[in-house]
Amino acid sequence: MSDLVIVESPAKAKTIKKYLGSGYEVVASMGHIRDLPKSRLSVDIKNNFSPKYEIIKGKEKLVDELKAAADKSEKIYLATDPDREGEAISWHLAYILDLPTDETNRVEFNEITKTGVTNGMDNPRQINIDLVNAQQARRVLDRLVGYKLSPFISQKIRRGLSAGRVQSVAVRIIVDREEEIRKFKPEEYWTIDAKFIPKGSRKTFAASLYSDVNGKIKIKNQQQAEKIEADLQNAEYIITKVKNGTRKKSPAPPFITSTLQQEASRKLSFQSRRTMKVAQELYEGIDIDGMGATGLITYMRTDSLRISNVAIDEATEYIKSHFGDKYLPSKPRFFKSRNNAQDGHEAIRPSMPSLAPDSIKSSLTSDQYKLYKLIWNRFMASQMADCIQKTTQADIEANGYTFKASGYRVDFEGFTTLYVESKDEDEEKSTQLPPLEKNMPVKCKELKKNQHFTQPPARYTEASLIKALEEYGIGRPSTYAATITTITSHEYVKREGKSLVPTELGEVITNLMKERFPKIVNVKFTNQMEENLDEVENGKEKWVNLLDDFYDDFEKTLKKAKTDMDGVKIQLKEDETDIVCDKCGRKMVVKVGRYGKFIACPGYPECKNIIKYVEKTGVHCPKCNGDVIIKHTKSKRIFYGCSNYPQCDFVSWNEPSDEKCPQCGEILYKKKGKKPVLFCAAEGCGYTKSVNLDDK
């Protein structure tokens, strides 16, 4: 009889089977096999919040197959993912397969490599019931909030809405930022910038006005700027101070889940859901030419910056052989995790640092290659020497005013030869000043005053929202992708380019929640709940007590809200259309039913007129001049077609624009990406045009 190893996915099973050999049968549970059914609450509130789990619909045959495989096996190992969800899946498997909970049959693989699999199999343990209870507490907590609150929200605003413990706070953060932007009052200020030429040189350098005789100066209006400009007319400029220095720039640490999602958004324009999907593929294993199924990265759900000594040694050897000794730091780098990090797994890194991205590019999809290269570059750079920069700062004075100039040049590239971390804000650009000396006269080639206005805070992007959620302690890194997907798919938030903007629906729900359920959308309260869940995981808190403390207050708040808002219905402005009902003359509104959106008369039930909802693009059909509308396949993939179908058969996967090709006269289509373009699809044309599609 062989031993049975149960994992979550077929890809992972295939990779692990390669390392374990013929004595083992490796099968996949295909994720969760038992869960709370969607059709009802499935939580016995009066009986210690006991969850009523059922086999997930459609997995009955798989469960029978798992039971049959277990009956034929001498030993059963539960090797689901090494986190709360994975622990819960193993616990459910143990229940279904009638395995003792005190049996040492739970194994973890931090990386799907020969070493990682061998270490996992050599160190089986019991199922960690504290981890399971933390997952159960979160699942029940989210079910209580969702199933109790969503019907109330739907009744008061419109059918089909949902509220969630984490998603509602995420929407509030975005809504609050939008309110800040609206309330922001720009303030005028001016700057005076100059270009100087040192004596005996042809090279100009830039400097900005910094101070006058009274200290640092703030120019508030044009009149003040013009006075300074007049004071400096025909003035003689001289360098009064030159400071040369050296600064070291150290590499960023390897990725954790949140920073991977942020950087993939900035550098690759990946949404977090796409990032985590590809990372899961890299972790579970890819068929590499000459190697077979191989796990390329360590586990991608982690908040730890810990790195194994073996990985550091391998990285050091690679850097030494490919870059040289001077690219190595004086001693290996170790990074400190945040104080509240769970530190369950290593940082995200290549499982085999010697496996460079370009050497396996042919075996990877485009997304897999891009993300693996990002992870590999970041990790390898984290073990490289500092970047050394030579800096220069100079003060230039004239008539009591001081200008400051600064610049730097790279003296030694260090880790930047491989990787530089992206930032949400503008990054400093390398500028090198010409040789400057104290008491050197300089000629002012240009003096320019510039008007500016202070800018409101920027809207959140996916990267900056993830950063904010992490800083506030809202949710956990493994939940960020699902949270953002939920709030955008439910149309509480929409994407404008990379920005996340609240819809009217999102704002109305948030304001209702702030008024009636302030705790649910309170950042500090949600953060405290996450910490309480961590206490359950650490065995310091009973999960039932946590739920009991929460539900008592939640139930009272919900009951009061229902009483106070009895008969109240909130009308959304965005629901009204410019379509006039042809039966009663009212302006028709957008409604949401079981099968999606439709347009109906607001006079229901007196007037029951309804028409099909179509989402126009604002572009006319190139064949018949009808409206181009957005359509969806059964799998919800977007495509574009003519509103006059079936009389007109125009259809396209690419969104058409209202511009025509200057070469052939055909319409141009929009292609989104890191560098969005308009392109001509006519055969043999090939015309493209770079454009900011956010403005289109």
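This briefing describes helix packing, strand pairing and salt bridges in the structure above. The model is predicted: local features need pLDDT of at least 70, side-chain atom pairs count only at pLDDT 80 or more, and totals for chains, interfaces and linings use all residues. Residues are numbered from 1 along each chain as its sequence is written, and side-chain values use heavy atoms, with hydrogens and water left out. Helices (H or I, at least four residues) and strands (E, at least two) are DSSP runs, numbered from the N terminus.

**Helix packing**

- Axes are lines fitted to C-alpha atoms, for helices over the stretch in contact, and angles run from 0 to 180 degrees between N-to-C directions.
- Angles under 35 degrees count as roughly parallel, over 145 as roughly antiparallel, 65 to 115 as roughly perpendicular and the rest as oblique.
- Helix α3 (residues 84-96) packs against helix α5 (residues 129-156) at an angle of about 105°, and their axes are 8 Å apart. α3 is therefore roughly perpendicular to α5.
- Contact (heavy atoms within 4.5 Å) brings Arg84, Glu85, Glu87, Ala88 and Trp91 of α3 to Ile129, Leu131, Val132, Ala134, Gln135, Gln136 and Arg138 of α5. By class, the contact of α3 with α5 has 6 nonpolar, 2 polar and 4 charged residues. In this scheme Ala, Val, Leu, Ile, Met, Phe, Trp, Tyr, Cys and Pro count as nonpolar, Asp, Glu, Lys and Arg as charged, and the others, Gly among them, as polar.
- The axes of helix α9 (residues 272-284) and helix α13 (residues 477-489) come within 8 Å and cross at roughly 140°. This angle makes α9 oblique to α13.
- The crossing of α9 past α13 is left-handed, a term that applies if the near helix is turned anticlockwise from the far one by less than a right angle, with clockwise being right-handed.
- From α9, Ser272, Arg273 and Met276 meet Tyr480, Ala481, Ile484 and Thr485 of α13. The contact of α9 with α13 has, by class, 4 nonpolar, 2 polar and 1 charged residues.

- Two strands pair if DSSP finds at least two bridges between them.
- An open sheet of 3 strands has the order β2-β1-β7, with parallel pairing. At its edges stand β2 (24-28) and β7 (76-78), each with a single partner strand, so one side of each is left without a neighbour in the sheet.
- Neighbouring strands of this sheet are turned by 20° against each other on average, direction ignored.
- Strand β1 (residues 3-7) is joined to β7 by 3 bridges, and leucine 4 stands opposite isoleucine 76 in β7.
- Helix α1 (residues 10-20) packs on this sheet, where it touches β1 and β2; the direction of α1 makes about 170° with that of β2.

**The antiparallel sheet β27 to β30**

- In another open sheet, 4 strands follow the order β27-β28-β29-β30, and the pairing is antiparallel. The edge strands β27 (655-660) and β30 (688-690) each pair on one side only.
- On average, neighbouring strands here are turned by 30° against each other, direction ignored.
- Strand β29 (residues 677-680) runs antiparallel to β30, with 3 bridges between them; leucine 678 has lysine 689 of β30 as its bridge partner.

**Other antiparallel strand pairs**

- Strand β8 (residues 188-198) is joined to strand β16 (residues 441-453) by 11 bridges in the antiparallel sense. Phenylalanine 196 has cysteine 444 of β16 as its bridge partner.
- Strand β11 (residues 237-249) also pairs with β16, antiparallel and over 2 bridges. Here isoleucine 238 is partnered by proline 441 in β16.
- Strand β9 (residues 205-212) runs antiparallel to strand β15 (residues 401-412), joined by 3 bridges, and leucine 209 is the bridge partner of phenylalanine 403 in β15.
- Strand β14 (residues 387-398) pairs with β15 in the antiparallel sense over 11 bridges, and threonine 392 stands opposite glycine 407 in β15.
- The hairpin of β14 and β15 has 2 residues between the strands, and asparagine 399 takes a positive phi near 50° there.

**Salt bridges**

- The count comes to 44 salt bridges, each a side-chain nitrogen of Lys or Arg within 4 Å of a carboxyl oxygen of Asp or Glu.
- One of them joins the side chains of arginine 459 and glutamate 178 at 2.8 Å, N to O. This pair links distant parts of the chain, 281 residues apart: arginine 459 lies in the loop between β16 and α12 (462-472), and glutamate 178 in helix α6 (residues 167-183).
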